[in-house]
Amino acid sequence: MNFHRLSALSVLVLLYAGISVAAPKTYPVANPGATSSGEDYKSYHPENNFTFGGSGGFGLVDTHGGFTLIGNIAAKVVKDGFIPEIVNPVFLEAEFGPTFVSGATFWMYSTHMRWDFVKDSKWTLFALGGFGGNFGSNRYGDRVALHPRFGVGAFYALDTVDLRFEFSHELITVGVSVPF
């Protein structure tokens, strides 16, 4: 199981590295209210204060893997972040959705801080940390799990929505996010 998660992370890192090297250094500004001077991680300042979206992919409950659908909503709580030299806003985010595992359904949840590192108008990398877990009442018995949750991910901006990639110890998902 760990080999598959490591392989998925390796693919995402290589994909990001390949696109970053091949992509031009300046992009048109997707949001007319945002500013950009072309310097990575320092110049593009998105105007959005909230995001919401949904993702699907692999979910892990204990040692059982299955398909998960998860929705998320986030609000900006630290506009300028913690590192003054780069654009790095912080969001408070909540995620919730079902995970279908071996004929059973578990409900996954997470409340965490998402720390965005805005590379340019197209790419934003993020780290997340907080608490998550799952609960269910089914053939595995009534259960409620709570654990620390840490992960990484990226947003890739399209015209109207952003693609979202997320990787943590219990989720590997791909989906969309709407900044507003």
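Okay, let's start with how the elements are assigned: helices (H or I, at least four residues) and strands (E, at least two) are DSSP runs, numbered from the N terminus. With that rule, the protein chain reads α-β-β-β-β-β-β-β-β from the N terminus on. That comes to one helix and eight strands.

A word on where this comes from. This is a predicted model, so to speak: local features need pLDDT of at least 70, side-chain atom pairs count only at pLDDT 80 or more, and totals for chains, interfaces and linings use all residues. Residues are numbered from 1 along each chain as its sequence is written, and side-chain values use heavy atoms, with hydrogens and water left out.

Now the overall picture. The protein chain has 180 residues, and 41% of them count as buried, where buried means under 20% relative accessible area, exposed means over 50%, and partly exposed is in between (1.4 Å probe, protein chains only). The accessible surface comes to about 9,300 Å², and carbon and sulfur atoms hold 69% of that; the areas come from the Shrake-Rupley method with a 1.4 Å probe, and for residues only the protein chains shown count as cover. Take contacts (heavy atoms within 4.5 Å): among those between residues at least 6 apart in sequence, 51% join residues at least 24 apart.

On to the strands. Two strands pair if DSSP finds at least two bridges between them. Strand 1, residues 50–61, runs antiparallel to strand 8, residues 171–179, with nine bridges joining them.

Last topic, charges. A salt bridge here is a side-chain nitrogen of Lys or Arg within 4 Å of a carboxyl oxygen of Asp or Glu, and the count comes to 12. So are the partners buried or exposed? Let's look at Arg114 and Asp116. Their side chains meet at 2.8 Å, N to O, and both residues are buried. Lys42 and Glu39 have their closest N and O atoms 3.7 Å apart; Lys42 is partly exposed at 42% relative accessibility, and Glu39 is partly exposed too, at 46%. Then there's Asp120 with Lys119, at 3.2 Å. Asp120 is buried, at 6%, and Lys119 is buried, also at 6%. Finally, salt bridges with shared partners join Glu93, Glu95, Arg114, Asp116, Arg149, Arg164, Glu166 and Glu170 into one network.
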